[in-house]
Amino acid sequence: MDFALRQPLRPVLILVALFLLVSLACEATPATDDGGEASTAAPVTDWMQIYFTDPDDPQADSLRGGPDKDLAEAIRAARVSVDAAIYELDLWSIRDALLDAHKRGLSVRVVAETDNLDTPEMQALIQAGIGVRDDNSDGLMHNKFVVIDRQVVWTGSMNYTIREAYRNNKNLLRLRSSQLAADYTTEFEEMFVEDYFGPFSPANTPFPSFTLDGVRIDVFFSPDDGIQAHLVDLLMAAQESIYFMAFSFTADDLAGAVLDRANAGVTVQGVMERSQYE
């Protein structure tokens, strides 16, 4: 088993425990945006676009042109509604896009982590009259996703902060699917409308598994869908290789499955955040 230590890392996103999606992402050829901006976008299918941050790009120091630019533009193009689950916010591009949508009369709703409500950007949303509900609990509201017009989902490992968009290696996905949007809207409304967070969240995803353009999509939310057990099953089914990237890896069951497959001759390679590994 090989582990490469890098600071920082580019993590694999398991947005819906979708390993076919991850596989497609790895095969896609990143294309640098015109003008050498601080992100790369890899077109995979008509319904999916993948963006990677690029902190090594000289343009990253300008704090412009990262994946937040594309998300902000999508929010500004919204016609009906924007629902955003935000763990942390200090990107003015996202703040201004949400404020603009609100001023245009769209339905704009935000679910936030209580511990991160005090940023000027989040306070600006609240003061503008945008509905913001925080989790008000010891656990973390760690989601980062945006649903636009109940048709398009933006999600990924990137928090909506300068650090994440321009200093760390992160990813952002745009997924065009009314079924995925319904899944994420259901999860959003559990929090925003019902005030169900963490262990109180019911397992009621309307489309837990479906096929889109020949790709099977399995949708899991934590903690209600027992994601770890599904990941163990997927890992144990590996016959040739397992490649993973993770900021932190402390799950014994996942480690046991990876070791089992490595001992069975499966190639295992991982990239981890150095500060979490040592």
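The model is a predicted one, in which local features need pLDDT of at least 70, side-chain atom pairs count only at pLDDT 80 or more, and totals for chains, interfaces and linings use all residues. Residues are numbered from 1 along each chain as its sequence is written, and side-chain values use heavy atoms, with hydrogens and water left out.

To begin with the overall picture, the protein has nine helices and 14 strands; helices (H or I, at least four residues) and strands (E, at least two) are DSSP runs numbered from the N terminus. Of its 278 residues, 50% are buried, where buried means under 20% relative accessible area, exposed over 50% and partly exposed in between (1.4 Å probe, protein chains only). Among contacts (heavy atoms within 4.5 Å) with a separation of 6 or more, 66% join residues 24 or more positions apart.

In soluble globular proteins, nonpolar side chains tend to be buried together. A nonpolar core is here a set of buried Ala, Val, Leu, Ile, Met, Phe, Trp, Tyr and Cys residues joined through side-chain atoms within 4.5 Å. The largest such core holds 37 residues, and the members touching the most others are Ile 75, Ile 94, Val 146, Trp 154 and Tyr 160. Elements giving two or more residues to this core include helix H2 (67-76), strand S5 (81-86), helix H3 (92-103) and strand S9 (152-156). H3 supplies the largest share, five residues. Beyond its neighbours within four places in sequence, Trp 154 is in contact with residues including Tyr 51, Leu 71, Ala 74, Val 146, Tyr 160 and Leu 172. A second, separate core has 25 residues, among them Trp 47, Met 48, Tyr 184 and Phe 221.

Turning to helix packing, helix H7 (residues 227-236) and helix H8 (residues 252-263) meet at an angle of about 5°, their axes 9 Å apart. Axes are lines fitted to C-alpha atoms, for helices over the stretch in contact, and angles run from 0 to 180 degrees between N-to-C directions. H7 and H8 are therefore roughly parallel to each other, a label for angles under 35 degrees. On the H7 side, the contact involves Gln 228, Leu 231, Val 232, Leu 235 and Met 236, while H8 brings residues including Leu 254, Ala 257 and Val 258.

Phe 249 sits in the loop between strand S13 (241-246) and H8 and is partly exposed, at 26% relative accessibility. Apart from residues up to four places away in sequence, Phe 249 touches Phe 244, Leu 254, Ala 255, Val 258 and Met 272. Phe 249 and Met 272 are 23 residues apart in sequence, with 8.1 Å between their C-alpha atoms.

Between strand S4 (48-53) and H2 lies Asp 57, which is buried, with a relative accessible area of 13%. A polar atom of the Asp 57 side chain is 2.7 Å from the backbone nitrogen of Gln 59. The loop between S4 and H2 also contains Leu 63, buried at 18% relative accessibility.

Most residues other than glycine have a negative phi, and most peptide bonds are trans. Leu 63, however, has a positive phi of about 60°, and Asp 195 likewise has a positive phi of about 60°. Asp 195 is partly exposed, at 40% relative accessibility. Finally, Ser 222 and Pro 223 are joined by a cis peptide bond, with omega about 5°; Pro 223 belongs to the loop between strand S12 (215-218) and H7.

Notes
Angles under 35 degrees count as roughly parallel, over 145 as roughly antiparallel, 65 to 115 as roughly perpendicular and the rest as oblique. A polar contact is a pair of N or O atoms within 3.5 Å; within protein, one must be able to donate a hydrogen and the other to accept it, and residues adjacent in sequence count only if both atoms are side-chain atoms.
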